[in-house]
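Student: Could you take a close look at the aromatic rings in this one and walk me through how they pair up?

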Amino acid sequence: MESGPQQTLLDVLRSYSAVDCDTFDDEVPKRLGPFMDCTSNQAIAYHELTRLDGDGNSVHAQLIQDAIDYASSKSSKYPDVAVAELAVETMMVKLALRIVPYLKGYSHIQTNPKYAYNKQKTIENGKRIVALFKDLDPTYDSRRVCIKVPSTWEGIQACRKLENQGIATLATTMFCLEQAALAGHAGCTYIAPYINELRVHFDEHYVDQHKAFDFAGSAQRYYEKIGSKTQVLPASLTSIQEVMKLAGVHHITVAPHLLTKLAETPANPWEGETGSVFKDRIDEEFGDYSGILDDESAWRLAFTRSQEGKAEVKNIQAINIFCDKQDALEGLAPR
């Protein structure tokens, strides 16, 4: 009697957590899906949109041109938005729509990181992204769009407004419980703790010495303790060992090369840790954040002092990197 297919680490991970793909390459979910959600950001978009085929030609040249043409045609509808900026948003939505057939849940699009400290522009940006989904594919249920927003005070207040209007949000670039408490208070659908600071993906010699495993576990236990709807969705992972330590988290988003390794690695034998982040911390005590959640200056000071300033530094660094990638993306749309 023949035995069935051997279970892989990806199978094991899916038995513990909802698994999302962190990519705009639709070949990944075709091969390894279906996934729950698809996450993205400006760096992922730029990587995908500049991909070349075997002959050195742009894989997405037509999509880029179509997005530029579309954005130009909508300039009267969005007079305060540069054509290049609207073209970038259109490119990201078009890439996201290609992956929708392989998803059960949300398509995540990140707002322009240059609005990280502007509540109103972030709100307008999030609503515009949803409108682009509706316009580019009227058959798509736009309630399945999740707007990713950097976890600043202004960004999370924008999330509150968007959630109140029925738009799902994810508070990203998150490194500490002060951010997580504010996001839960705002009613965000998700938060994305960055296990490694974003720099590790752009500096091959850099290693994050303070990985955020403890924070991710604490955030999930905190939400469960207060009865929050907000779910934890860790990101910025660098190995399958890191991924498997987080088994049991609500959601987890994984890059293509790690998804491939998980799918190729037999579950037995596996000598690494599985779900260790969520073991033996049931009675964890949490600070009282109630005094800062409606007080901007108090929250800002608490955030600045969190981890002796390390959390804020990592957040600023991530926003800077995403701003650089936003500029690069807009460079694909000649003015």
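**Aromatic pairs up close**

Tutor: Let's start with Tyr194, which is buried, its relative accessible area being 3% (buried is under 20%, exposed over 50%, partly exposed in between, with a 1.4 Å probe and protein chains only). Bear in mind that this is a predicted model, where local features need pLDDT of at least 70, side-chain atom pairs count only at pLDDT 80 or more, and totals for chains, interfaces and linings use all residues. Residues are numbered from 1 along each chain as its sequence is written, and side-chain values use heavy atoms, leaving out hydrogens and water.

The ring of Tyr194 partners with Phe175: the centres are 5.6 Å apart and the planes sit at 75°, so this pair is edge-to-face. Rings of Phe, Tyr and Trp (its six-membered ring) pair if their centres lie within 6.5 Å; planes under 30 degrees apart are stacked, over 60 edge-to-face, and the rest tilted. Phe175 also counts as buried, at 3% relative accessibility.

By this rule there are eight aromatic pairs. Another of them joins Tyr106 and Tyr190, whose ring centres are 6.0 Å apart with planes at 85°, so that pair is edge-to-face. Tyr190 is buried at 3% relative accessibility, while Tyr106, at 21%, is partly exposed. Elsewhere, Tyr222, Tyr223, Phe286 and Tyr289 make up one aromatic cluster.

Rings meet charges, too: the charged end of Arg14 sits over the ring of Phe35, 4.9 Å from its centre (NZ of Lys or CZ of Arg within 6 Å of the ring centre and within 35 degrees of the ring normal). Likewise, Arg128 has its charged end over the ring of Tyr78, 5.9 Å from the centre.
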